[in-house]
Each structure stands twice: as C-alpha cells, then as structure tokens.
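Come along as I look things up, one entry at a time.

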Amino acid sequence: MSDKKQKVGVIGYGWAATAHIDAINKTTNGLVTAVCSARPLDAATLGATHGSAMAVFQDLDRMLAEADVDIISITGYPDQHRDQTIAAAEAGKHVIIEKPLALTLEDTRAMRAAVAKAGVRSCVCFELRFISQFQTIRALLDEGLVGDLHYGEIDYYHGIGPWYGQYRWNTTKANGGSSLLSAGCHALDALLLCMGDDVVEVTSYATQSSHAIFQKYEYPTSTVTLLKFASGKVGKCASVIDCFQPYYFHTHLVGSEGSILDDKLYSNKLHLRDKKWTQLPLALADSGDVADHPYQAQFQAFFDALERGEEMPLTSLEQSAKTFEVLFAADRSIEIGKPVRVGER
Ligand SMILES: NC(=O)c1ccc[n+]([C@@H]2O[C@H](COP(=O)([O-])OP(=O)(O)OC[C@H]3O[C@@H](n4cnc5c(N)ncnc54)[C@H](O)[C@@H]3O)[C@@H](O)[C@H]2O)c1
C-alpha cells in the first residue's frame with residue numbers, strides 16, 4: 001500500500017456531508033482537503049471540527065479548477081447530482097455519489113456515459129452493502145446454508161418527518177422524487193444484492209398516510225413493488241417513509257434449504273434438534289442516522305480499489321445503476337398502472 005492519500009473535495013455541507021468527511025478521514029488512505037458549500041463556511045472551524053485542513057469554496061467550477069483533489073464526493077441536493085457528476089468526471093475526478101443517483105432514468109444514463117467517457121472511477125452510497133448484516137447474509141448464501149433462494153422481501157420502514165433536516169426538500173417532487181428515490185432504494189438495492197439475479201419485470205402500487213406531516217409530501221410516500229427475476233424467482237420491496245414506528249429494515253429470504261429473517265437463520269443443513277431460529281450476532285441495518293451507516297468501510301473499499309486501479313466492489317456506478325433501472329421501472333409502473341419490463345426505455 002502506498003503512502004499517498006486519496007484527496008477528496010466534498011460538495012455540500014449538510015447531514016450526509018459531515019458523515020462523509022469523518023468516515024473518509026478515518027480510512028487509512030483518504031483525506032478531505034476541500035469543501036464546496038452553498039453557505040459560506042470558515043476553513044479554520046471546519047479543519048478543527050474534522051481534523052484535516054480544508055480549502056473552502058462556494059462554486060463547484062472553482063473547486064474543480066483550484067482544489068488539490070482526486071475525488072469529488074457529491075452530497076448536495078438530488079436534482080444537482082447529474083450535473084455535478086458530469087462536471088467532476090469531465091474534470092478528471094473520481095466520484096462518490098450519494099443516493100439517489102439522480103431523479104430520472106435519462107439522467108442516470110447520462111452520468112454513466114460521462115463517467116465511462118472520462119475513464120474515472122465511481123462509488124455510489126448504497127453503503128448498506130457493507131454493513132455486517134448484508135456481509136453475513138451474503139456469506140450464508142455463498143455457503144449454501146439456505147440453498148437456492150426463490151423468494152425474498154426487503155422492506156424499508158422509516159418515517160421521514162420534520163424531525164429530519166432533509167424534510168424541507170425531500171417532501172418535494174422536484175427533489176425527493178418518489179418514496180423509492182427518497183430512501184426505499186436502500187431496501188431495493190439490498191434485495192437485488194441478496195437475490196443475485198436480473199429483474200425482468202416489476203409491478204408497483206402506491207398510497208399515502210392521511211397524517212398532516214406526510215400529506216405535505218408531493219408524491220405517494222408508501223409503495224410496494226413486486227419483482228420477477230430472470231430465473232423465475234420473485235421478490236417484494238415496500239418503501240414506507242410515512243410511518244410512526246422505529247426504523248425497520250425488514251429482511252426475509254426464503255430458499256430451498258432454509259430461510260433468513262432479519263438477524264435469524266433457519267437451515268436444514270444445521271440439523272438442529274428443534275425447529276427454531278438461530279440468532280445471528282450481527283449488526284442490523286436498524287438506524288436511519290448517517291452516523292450509524294458503514295460509510296467508512298465503503299470508502300475504504302473504494303480507496304483501496306483506486307490504489308489497485310480497479311472498479312470498487314459492490315457499489316460502483318455501473319453496479320448501482322442496475323438498481324436504479326429497476327427503481328425507475330417501479331415508479332413508471334405506479335404512473336401507468338401496469339407491470340413494466342425493466343430496461344424497456
Ligand atoms: N446514503 C444515505 O443513507 C443517506 C442519508 C442521508 C442523506 N443522503 C443523501 O445525501 C444527500 C444530502 O442529504 P442531506 O440529508 O445531507 O441534506 P442536507 O439538506 O442536510 O444537506 C445538503 C447540503 O447541500 C448544500 N448544497 C445544496 N446545493 C449546493 C451546491 N450547489 N453547492 C454546494 N452545496 C450545496 C446545502 O446548502 C445543504 O447544506 C441527498 O442526496 C440525500 O438523499 C443519503
């Protein structure tokens with residue numbers, strides 16, 4: 001491993017940005033050296049808060065031209081992700097992109113084209129692929145403990161009300177987009193990770209809580225998507241951002257030799273005396289707080305892959321774009337009231 005640090009310039013200085021900065025600075029080979037914020041910031045205060053000296057910008061073009069950075073981390077508003085990704089790629093910078101990638105299928109495809117043309121590397125913040133829960137589930141699946149999966153459901157239950165800062169823009173169609181774009185994409189992405197197969201068709205339905213807090217949303221806040229996979233497997237993903245309950249990332253996977261339910265396993269292959277679940281000592285995806293998300297492990301994997309001159313595992317733009325192809329098909333199904341073939345447009 002070389003001593004060179006991957007230098008990162010962060011766009012935005014909100015909730016996700018602060019988690020990115022601290023996670024990047026905790027990796028062995030990454031360092032935040034610049035921040036571009038719409039609000040004026042004091043460089044000395046920033047440096048003291050996060051433990052590294054940072055140049056401060058209010059204009060992205062200036063940061064791209066003047067800052068000493070190899071990577072741009074995009075943590076601003078979703079309706080700007082497309083243009084910021086393209087500008088960073090054209091300036092020869094690798095990109096870290098917060099979810100949602102963008103708010104339309106066409107924009108995600110334009111981002112992929114720009115990143116491919118520039119030959120830069122990418123990391124999309126589907127960081128739950130790096131949490132203990134899904135690392136362990138993947139290992140159990142690889143070991144064959146539940147046999148061949150034929151059914152999976154992963155659902156996102158997390159009330160996003162005014163107690164979250166992003167409520168001010170997330171409630172709008174222009175920036176929140178849809179329930180899946182806003183947050184449920186994490187569950188859809190985890191389901192695709194576990195099922196390990198291409199989705200051919202989706203059918204989705206949508207509804208909305210009658211509570212005044214959730215009526216403020218300009219799009220339906222609860223959706224449920226049924227997925228048909230190429231091999232014949234089926235799945236389900238609910239995205240419910242208008243609930244009053246603790247955060248719950250419901251995970252139920254069913255295979256030919258057993259099942260996984262959240263942090264529990266049942267497997268014929270264990271030959272246990274009683275038909276009971278075995279509790280797995282893993283860290284569940286059980287918090288919407290960015291401070292609890294495994295950004296550090298994800299960014300470490302990205303920086304290590306950059307040092308090897310390779311695409312990162314699990315969450316490159318090309319990999320994550322597959323989830324967004326399914327997501328946009330699901331949102332289209334809601335719009336037209338019919339099943340939609342994935343990749344049809
Ligand atoms: N992966 C996750 O689990 C996760 C969690 C939270 C947020 N996010 C994502 O992170 C992004 C930001 O969300 P947030 O909760 O931090 O929002 P936020 O409102 O707290 O922060 C956004 C910040 O971006 C700044 N900004 C906007 N336009 C800018 C521009 N052109 N240049 C510089 N700064 C600009 C705003 O001033 C604000 O400070 C969204 O895409 C959101 O979906 C992801």
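This is a predicted model: local features need pLDDT of at least 70, side-chain atom pairs count only at pLDDT 80 or more; totals for chains, interfaces and linings use all residues.

**Entry 1: Helix α4**

How many of the residues of helix α4 are buried? I found 7 of the 10 residues of α4 (residues 81-90) buried, so the helix is largely enclosed by the rest of the structure. I wrote down their names: His81, Arg82, Gln84, Thr85, Ala87, Ala88 and Ala89. After α4 comes glycine 92, and its phi is positive, near 80 degrees.

**Entry 2: The whole chain**

Next I stepped back. I looked up 11 helices and 15 strands in the chain. The radius of gyration is 20 Å, close to the 20 Å that the globule rule gives for 345 residues, so the chain is as compact as a globular protein of that length. Along the principal axes, the C-alpha atoms fill a box of roughly 60 × 45 × 40 Å. What share of the 345 residues is buried? I noted 47%. I also looked at contacts between residues at least 6 apart in sequence, and 69% of these join residues at least 24 apart.

**Entry 3: The open sheet**

I then traced the strands of an open sheet. It has 9 strands in the order β14-β13-β12-β11-β7-β10-β9-β8-β15, and the pairing is mixed. Which strands stand at the edges? They are β14 (278-279) and β15, each with a single partner strand, so one side of each is left without a neighbour in the sheet. A reminder to myself: strands of a sheet pair through backbone hydrogen bonds, either parallel or antiparallel.

I went through some of the pairs:

- β8 and β9 pair in the antiparallel sense over 8 bridges. Threonine 207 stands opposite serine 222 in β9.
- β9 also pairs with strand β10 (residues 234-240), again antiparallel, over 7 bridges. Here threonine 223 has serine 239 in β10 as its bridge partner.
- Strand β12 (residues 258-261) and strand β13 (residues 264-267) are antiparallel too, with 4 bridges. Glycine 258 stands opposite serine 267 in β13.

**Entry 4: Glycine 235**

I stayed with β10 for one more residue, because glycine 235 has its place in that strand and is buried, with 24 other C-beta atoms within 10 Å. Setting aside residues up to four places away in sequence, glycine 235 touches Tyr151, Gly152, Glu153, Leu191, Met195, Leu227 and Phe229.

**Entry 5: Helix α11**

At 1.5 Å a residue, the 20 residues of α11 (residues 317-336) should span 28 Å, and the end C-alpha atoms are 28 Å apart, which agrees. The buried residues of α11 include Leu317, Phe324, Leu327, Phe328, Asp331 and Ile334. What covers the buried residues of α11? The cover includes α5 (105-118), β6 (122-124), α8 (179-195), β8 (199-207), β9 (222-229) and β15 (340-341). Just after α11, I saw that glycine 337 takes a positive phi of about 70 degrees.

**Entry 6: Around the ligand**

I turned to the ligand. How many residues surround it? There are 24, and the closest are Gly12, Gly14, Trp15, Ala16 and Glu98. Helix α1 (residues 15-26) gives the most to this shell, with 3 residues. By class, I counted 11 nonpolar, 9 polar and 4 charged residues in the shell.

**Entry 7: Glutamate 98**

My last stop was one of those closest residues. Glutamate 98 is found in the loop between β5 (94-97) and α5. Is glutamate 98 buried or exposed? It is buried, with 22 other C-beta atoms within 10 Å. Leaving aside neighbours within four places in sequence, glutamate 98 is in contact with Ala16, Ile74, Thr75 and Cys125. Alanine 212 is another matter: it is 114 residues from glutamate 98 in sequence and 29 Å away in space, C-alpha to C-alpha.

Notes:
Residues are numbered from 1 along each chain as its sequence is written. Helices (H or I, at least four residues) and strands (E, at least two) are DSSP runs, numbered from the N terminus. The radius of gyration is taken over C-alpha atoms; the globule rule is 2.2 Å times the number of residues to the power 0.38. A residue is buried if 20 or more other C-beta atoms lie within 10 Å of its own, exposed if 12 or fewer, and partly exposed in between; C-beta atoms are placed from the backbone. Two residues are in contact if their C-beta atoms, placed from the backbone, lie within 7 Å. The expected span of a helix is 1.5 Å times one less than its number of residues. A residue is near a molecule or strand if its C-beta atom, placed from the backbone, lies within 6 Å of it. Ala, Val, Leu, Ile, Met, Phe, Trp, Tyr, Cys and Pro count as nonpolar, Asp, Glu, Lys and Arg as charged, and the others, Gly among them, as polar. Two strands pair if DSSP finds at least two bridges between them.
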